Amino acid sequence: MNAKRNYKNKEDDIFILALESSCDETAASVNKNGLEVLANVVSSQVELHQKFGGVVPEIASRKHLELLLPVIDEALEKAGLEFRDLDAVAATYGPGLVGGLLVGLTAAKAIALSLEIPLIAVNHIAGHIYANFIDNPQIKKPLICLTISGGHTDLLYFEDLKGYEILGRTRDDAAGEAFDKIARYMGLGYPGGPAIEKAAVEGDPQAIDFPRAVMADNSFDFSFSGLKTAVMNYINNQKQKGKEIDQADLAASFQEAVVDSLSSKLLEAVKKYDIKSVVLSGGVAANKRLREVVEAELKEVEIEFYYPSLELCTDNAAMIGAVAYYQYLDRDFASLAISADPSLKL
Amino acid sequence: MLILGIDTSTDYLALSLLEDNLVKAEYNLSLKRQHSEKLLPLMEELFQTFAIKAQDLDAIAVSIGPGSFTGLRIAITTAKMLGRIFDIPVKGISTLEIMAAGQRADYILTMLDARRARVYYSFYSRKKADFKTDLEKKLNLKELYQASSIKIEQLAELLSAYKGEEILLLGDKTDKAAEILKRENFNVITADPENNYPRSAVLARLGRDYINLGQEDDIYQLKPAYLKKPQAELNWQQKYGG
Ligand SMILES: [Zn+2]
C-alpha cells in the first residue's frame, strides 16, 4: 500500500469498520474513536445449526459469504457513513473456525486495498475483553477477565493490549460446549446455555452431587469432560433403574457444578494477582447464576465486577472495532498477506 | 473496458487484467493452499505495475467453481467487495467453462477432482449446429450437460451418444478418464499441460463477453457452485431423511 499516508491521531475523529465471522455470527460494526458504537449489526445463524446441536463449520462459512455484504451495508447505513468515510477496516483473524475467519478477513483485505486504508487484524479474545469497556469505559486495570462461550473458556490477566496473558484455558470442552452437549443429551435443544438455565429455574442445585474438576498441577485450567460423563452416567443409571429424572433438578445441579468450577478458579486467580476489577465476557457470561455467585464473592474481597450487556457478551463486531482503534493509534497494521489463524493465542 | 479476472477455485491462484481485447497481465500460479495470503498482495502488485488503482476497474470476472470450498470463497468475497465499493458489474463463471472456453475442439469434457474416485464435470460443444440461443452463438460455446459430479467409471455411459465424435478431455484425472473411454472405443484426445487448467485470461475474456451481453450477476446473490452439500447435512439427511 501507499507509503505517503497521513494517519490520524488521538485528537481526530477516527471511523473504523469492523468485521467478525469467527464462529456462527456474521457481524459488522462502525465505531467512532473506539468505544463509541455507531452501528453494531449481528446476523446470527443459530437456527441453521440448531438441528445439528452445534456449529457446523462448512455451513457457517457458506452463510458468512451470503450474509456479510448485507450486514456491512446495514452497518454503514445505520452509522450514516459511506465507504469513503472510513479511516481503517478491521477483522477478526483468529481464533475461530478457519473457513469463516477467511470470509471476514478477505473482505477486510479487499476493502483496505480498494479504499487504500489500513487493515487491522484483531484477536477475537481481546475483543471479548474490550466489549466490557464499551459499556463501562471507567473499568480500572489491571483486571482479570473470564471469557466463556461455545468457543472459549479463557481466564486472562490484562493490563493493556500489549500486556496480557492467559492464566488458564479448558483442557477439553469449552464451557458453552459443555452446556450444548448436556442440553442435547437432555433433549432441551440448542443453544444449551439458555436452555439449561431455563430448565434449572425450578430445580434444586444441591439435588445431585456432580464432580468438580481439580487440576493436579494446581493450574488455572478448566475441564468439563468428567462432569459431562458424570451427567450422562447419571441419566443412564436412572433410566436403567426405571426411575424418572427430574429435569429441573438435573439442570440446576449441572449448572451449579459448572458455575462452581468457573467461579472457584476465578476467585483463586483474583486472590493471587494484584488487580482492580474482574470482567466476564462471552455468551455463557449471560448466565444469571454465575453472575450472582461471582458478584457475591467479589463483594467480600472488594473487587469491582463488570459484565457487558447481552449484545456485547455474545460475538459481535463492535468489540473488534474497539480493539482496532487502539491498534490504529499504535499504527499496529496488518499486511495484505496476513492469514487467518484458527488457533491464535494471545 | 478494464476487467479483472480472479480465480481461486483450484490449486492455481489466477489473476488477470484485460483491457478490451488486450491481455495486459495473466498470472497462473500453482500455489495450492496459499490463496488467502497471496491473492490481495498479488492484486496490489498488479495495480502498482500498471500504475492503476482499484477504482479504475470497470468489471470483475470471478470463477465460481466447482472447486475447493474455502478457496472459492476467497475470490468471490473479493469480487463482491470490489463490485460493491466501486459499483461495477461482476460476473461469476464456472471453472469448468473457463477450461472449455480456452479450447477449439468440437466436443470438450472438462473435469475437476471431486475426490473419492469422482469428478465434477461438464460437457461442451463448439459446433455451430448445436448452438440454439443468441448467447451460445455469441460465446461460441454450448454446455450440453449441466455441471455435476460423477464416478469416473461412469463417464463412458454418460458420453455414449458421442462415441463417434472426437472428444477433448481437460482438467484433473484426464489420463484416467482417457484410459477408461479408450477402452470403450471412444475417440478421445488430451491437452498439453499449458492448456490443461483454467487460465485466468480466458476467465476475464468470458467475463467481458457475458457482461457485454447484459449477463452480469447480482453480487448479493452470487455464490459458489459448490455442487455438493456440506457433509454434516448429507449425514443428517441419511439419518433422518428429507
Ligand atoms: Zn467469542
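The model is predicted, and local features need pLDDT of at least 70, side-chain atom pairs count only at pLDDT 80 or more, and totals for chains, interfaces and linings use all residues. Residues are numbered from 1 along each chain as its sequence is written, chains are lettered from A and ligands numbered from 1 in the order in which they are written, and side-chain values use heavy atoms, with hydrogens and water left out.

**Stop 1: chain B and its annotation**

Select residues 32–236 of chain B, which an unreviewed UniProt entry annotates as "domain: Gcp-like". UniProt positions are given in the numbering used here, feature names are shortened, and annotations may be inferred rather than shown by experiment. Over residues 32–236 of chain B, 39% is helix and 22% is strand, and the end C-alpha atoms lie 31 Å apart. Helices (H or I, at least four residues) and strands (E, at least two) are DSSP runs numbered from the N terminus.

**Stop 2: the two domains of chain B**

Next, colour domain 1 (2–94 + 198–232) and domain 2 (104–190) of chain B separately; these bounds come from an automatic or database domain assignment. The C-alpha centres of the two domains of chain B are 25 Å apart. Where they touch, domain 1 of chain B contributes 11 residues and domain 2 of chain B contributes 8 residues, contact meaning heavy atoms within 4.5 Å.

The area buried between these domains of chain B is about 960 Å², with 70% given by carbon and sulfur atoms. Buried area is the accessible area (1.4 Å probe) that two parts lose on being put together, summed over both. Select Pro66(B), Leu213(B) and Leu227(B): they supply 46% of the area that domain 1 of chain B buries against domain 2 of chain B, more than any other three residues. The side of domain 1 of chain B that touches domain 2 of chain B has 6 nonpolar, 3 polar and 2 charged residues. Here Ala, Val, Leu, Ile, Met, Phe, Trp, Tyr, Cys and Pro count as nonpolar, Asp, Glu, Lys and Arg as charged, and the others, Gly among them, as polar.

The count of salt bridges between the two domains of chain B is 0, a salt bridge being a side-chain nitrogen of Lys or Arg within 4 Å of a carboxyl oxygen of Asp or Glu.

**Stop 3: the interface of chains A and B**

Now display both chains. The contact takes 34 residues from chain B and 33 residues from chain A, and the area buried between the chains is about 3000 Å², of which carbon and sulfur atoms give 68%. Across this interface there are 4 salt bridges. One of the pairs to select is Glu58(A) and Arg73(B), which form a salt bridge whose closest N and O atoms are 2.9 Å apart.

On the side of chain B that touches chain A, the elements giving two or more residues are α1 (35–49), α2 (69–86) and α8 (231–240) of chain B. Of these, α2(B) gives the most, with 13 residues. That side of chain B has 19 nonpolar, 5 polar and 10 charged residues.

**Stop 4: loops of chain A**

Most residues other than glycine have a negative phi, and most peptide bonds are trans. Select Pro142(A), in the loop between α4 (124–135) and β6 (143–148) of chain A; a cis peptide bond joins Lys141(A) to Pro142(A), with omega about -5°. Continue to Pro191(A), in the loop between α5 (175–185) and α6 (192–200) of chain A, where a cis peptide bond joins Tyr190(A) and Pro191(A), with omega about -5°. Finish at Glu116(A), in the loop between α3 (98–115) and β5 (119–123) of chain A; the phi of Glu116(A) is positive, near 55°.
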